[in-house]
Amino acid sequence: MRRIASLLVSGALLLAVAATPAAAREPGPTIVDTAIAVNAATGEFDHLIAAVVRADLVGVLDGNRQFTVFAPTDAAFEDLFGALGVSGVADIPVGTLTAVLLHHVSPGERLSGDVLSSPRVRMLDKGFTFPSVVGGVPSIDNAAIVLPDVDVSNGVIHVIDAVLLP
């Protein structure tokens, strides 16, 4: 089931990027625009979008500054909810939610080659994540990168299968 969801997300992200005319891609869709477009097409990223809105980070991720975002799937959030014993984003204190989300964002645009060649990656929460390749699968802090290098106008998105905890 996760593999099917990953394929749907992959296809929708590629379609969203490819459907944008080359001339219009210069300003192009932002991190937020892309997440919303994928959500509209597939329903994926409901929890991520709700979390970003609740933590009041839309303006940050929709601006001109370049970021690398490790975007957890809805299944990843559902695993977190189960582990925390909560029913959704609304049950997580805003401060905790903000800290967790900032641990998914790195300053600057880091394509997967840059990420995987680094021993650690500094995140906006001032913490670090640790990239690796295990059994041929690229990952960051044991979260598999299921779709790398989704280019957006203000950085890059890597879709991951787990929520990273600071």
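Two strands are taken to pair if DSSP finds at least two bridges between them. In this predicted model, strand β1, which spans residues 67-72, meets that condition with β2, the two pairing in the antiparallel sense over 3 bridges.

The β1-β2 pair belongs to an open sheet of 6 strands, arranged in the order β2-β1-β8-β7-β6-β5 and with mixed pairing. At the edges of the sheet stand β2 (105-107) and β5 (131-134), each of which pairs on one side only. Between neighbouring strands of this sheet the turn is 35° on average, when direction is ignored. Helix α2, formed by residues 31-42, packs on the sheet, where it touches β1, β7 (143-152) and β8 (155-160), and the direction of the helix makes about 115° with that of β7.

In soluble globular proteins, nonpolar side chains tend to be buried together. In the present model, the largest nonpolar core holds 29 residues, of which I31, L48, L61, V69, L101 and I157 touch the most other members. Two or more residues are given to this core by each of α2, α3 (46-54), β1, α5, α6 (94-102), β7 and β8, and the greatest contribution comes from α5, with 4 residues. When residues up to four places away in sequence are not counted, I31 touches L61, F67, V69, V152, N154 and I157. Another core, of 9 residues, lies apart from the largest one and includes V121, M123, A143 and I160.

As regards aromatic side chains, the structure holds 1 aromatic pair. The ring centres of F77 and F81 are 6.1 Å apart and the ring planes stand at 40°, so the pair is tilted, given that stacked pairs have planes under 30 degrees apart and edge-to-face pairs have planes over 60. Both phenylalanines lie in helix α5 (residues 74-84), where F77 and F81 are 4 residues apart, about one turn of the helix. F77 has a relative accessible area of 3% and is therefore buried, and F81, at 4% relative accessibility, likewise counts as buried, the limit for this class being under 20%. A further arrangement involving an aromatic ring is that of R120, which lies over the face of F128 at 3.9 Å from the ring centre.

Conventions. Residues numbered from 1 in each chain as written. Predicted model: local features only at pLDDT ≥ 70, side-chain atom pairs only at ≥ 80, totals over all residues. Heavy atoms only, no water. Phe/Tyr/Trp six-rings, centres within 6.5 Å; stacked < 30°, edge-to-face > 60°. Buried < 20%, exposed > 50% of the residue type's maximum accessible area, 1.4 Å probe, protein only. Lys NZ or Arg CZ within 6 Å of the ring centre and 35° of its normal. Axes fitted to C-alpha atoms, helices over the stretch in contact; angles between N-to-C directions. Contact = heavy atoms within 4.5 Å. Core = buried A, V, L, I, M, F, W, Y, C linked by side-chain atoms within 4.5 Å.
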